[in-house]
Amino acid sequence: MNALAPMGPPGILASPGVFFRLYEQREVAGPVEVCEAWGVPLERIVETLAFVVPEGPRLAAALSGRVRLRCGALVGAAGIRRAGLSSAGAGRPAGAGLQPGGVCPVSADRAVVVFGGTAGGLGRVRCGSGRRGSGFGIEAAELMAAVPAAATASVADLPADGPT
């Protein structure tokens with residue numbers, strides 16, 4: 001854990017005494033590979049998608065791994081304009097103390113985080129820890145409570161062809 005930024009997600013979660021378990025894993029490419037690596041169903045993965053908003057804070061969507069994001073609903077729930085919204089990634093920071101491929105809804109920056117409407121009822125989930133190659137096991141409700149001013153909204157749909 002010493003490779004993480006001092007106020008990365010583990011430090012933020014540990015300060016209020018939230019119970020979580022840090023899991024190390026090989027680097028993976030997406031939610032399906034995360035499930036295989038961790039041995040958990042897709043419904044128990046919280047995937048965090050990070051976006052860059054011009055002249056504003058970072059925007060993140062935290063969703064069950066089995067759904068697809070509706071960008072229009074996300075920007076509506078966040079109260080921002082869609083113009084200029086772009087995915088964080090290579091060359092665009094995913095957030096303070098976060099690495100691409102390990103994005104977590106919990107971060108040291110003042111990100112606007114929108115949890116998918118069903119996130120609170122997921123029970124124990126796995127999500128990114130802020131760095132590639134590791135993740136958290138945590139109760140979804142505790143994860144959500146650790147994100148100040150997070151919103152919950154219907155921002156995703158099940159894909160027509162089932163989980164991806």
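Which residue's side chain does a polar contact of 2.3 Å join to that of serine 134? The partner is serine 129, and this pair opens the series of views below.

The model is predicted, so local features require pLDDT of at least 70 and side-chain atom pairs count only at pLDDT 80 or more, whereas totals for chains, interfaces and linings use all residues. Residues are numbered from 1 along each chain as its sequence is written, and side-chain values use heavy atoms, with hydrogens and water left out.

**Figure 1. Overview of the protein chain.** The protein chain holds four helices and ten strands; helices (H or I, at least four residues) and strands (E, at least two) are DSSP runs numbered from the N terminus. Their order along the sequence is α-β-α-β-β-β-α-β-β-β-β-α-β-β. Of the 164 residues, 45% are buried, where buried means under 20% relative accessible area, exposed over 50%, and partly exposed in between (1.4 Å probe, protein chains only).

**Figure 2. Surroundings of serine 134.** Serine 134 lies in strand β8 (residues 134–139). With 4% relative accessibility, serine 134 is classed as buried. Its side chain and that of serine 129 are joined by a polar contact of 2.3 Å; such a contact is a pair of N or O atoms within 3.5 Å, and within protein one must be able to donate a hydrogen and the other to accept it, while residues adjacent in sequence count only if both atoms are side-chain atoms. Beyond neighbours within four places in sequence, the residues in contact with serine 134 include Leu22, Tyr23, Glu24 and Trp38, contact meaning heavy atoms within 4.5 Å.

**Figure 3. The buried side of helix α3.** Helix α3 (residues 71–78) has Leu74, Val75 and Ala78 as its buried residues. These residues lie on the same side of α3, because they cover an arc of only 90° around the axis; the arc is that of the directions from the helix axis to the C-beta atoms. Their cover includes β2 (45–52), β3 (59–64), β4 (68–69) and β6 (112–116). Glycine 79 follows α3 and has a positive phi, near 70°.

**Figure 4. The nonpolar cores.** The largest nonpolar core has 26 residues, of which Leu13, Val46, Val106, Phe115, Phe136, Ile138 and Leu143 touch the most other members. A nonpolar core is a set of buried Ala, Val, Leu, Ile, Met, Phe, Trp, Tyr and Cys residues joined through side-chain atoms within 4.5 Å. Helix α4 supplies the largest share of this core, three residues. Apart from this core lies another, of twelve residues, among them Val53, Leu63, Ala153 and Ala156.

**Figure 5. Salt bridges.** The count is three salt bridges, each defined as a side-chain nitrogen of Lys or Arg within 4 Å of a carboxyl oxygen of Asp or Glu. Glutamate 24 pairs with arginine 131, the closest N and O atoms being 2.8 Å apart. Glutamate 24 is in strand β1 (residues 20–24) and arginine 131 in the loop between β7 and β8, 107 residues apart. Arginine 131 is buried, at 15% relative accessible area. Arginine 58 and aspartate 109 form a salt bridge with closest N and O atoms 3.0 Å apart. Arginine 58 is buried at 9%, whereas aspartate 109 is partly exposed at 25%. Aspartate 157 and arginine 70 meet in a salt bridge of 3.1 Å, N to O. Because aspartate 157 lies in strand β10 (residues 156–157) and arginine 70 in the loop between β4 and α3, the pair ties together parts that are 87 residues apart in sequence.
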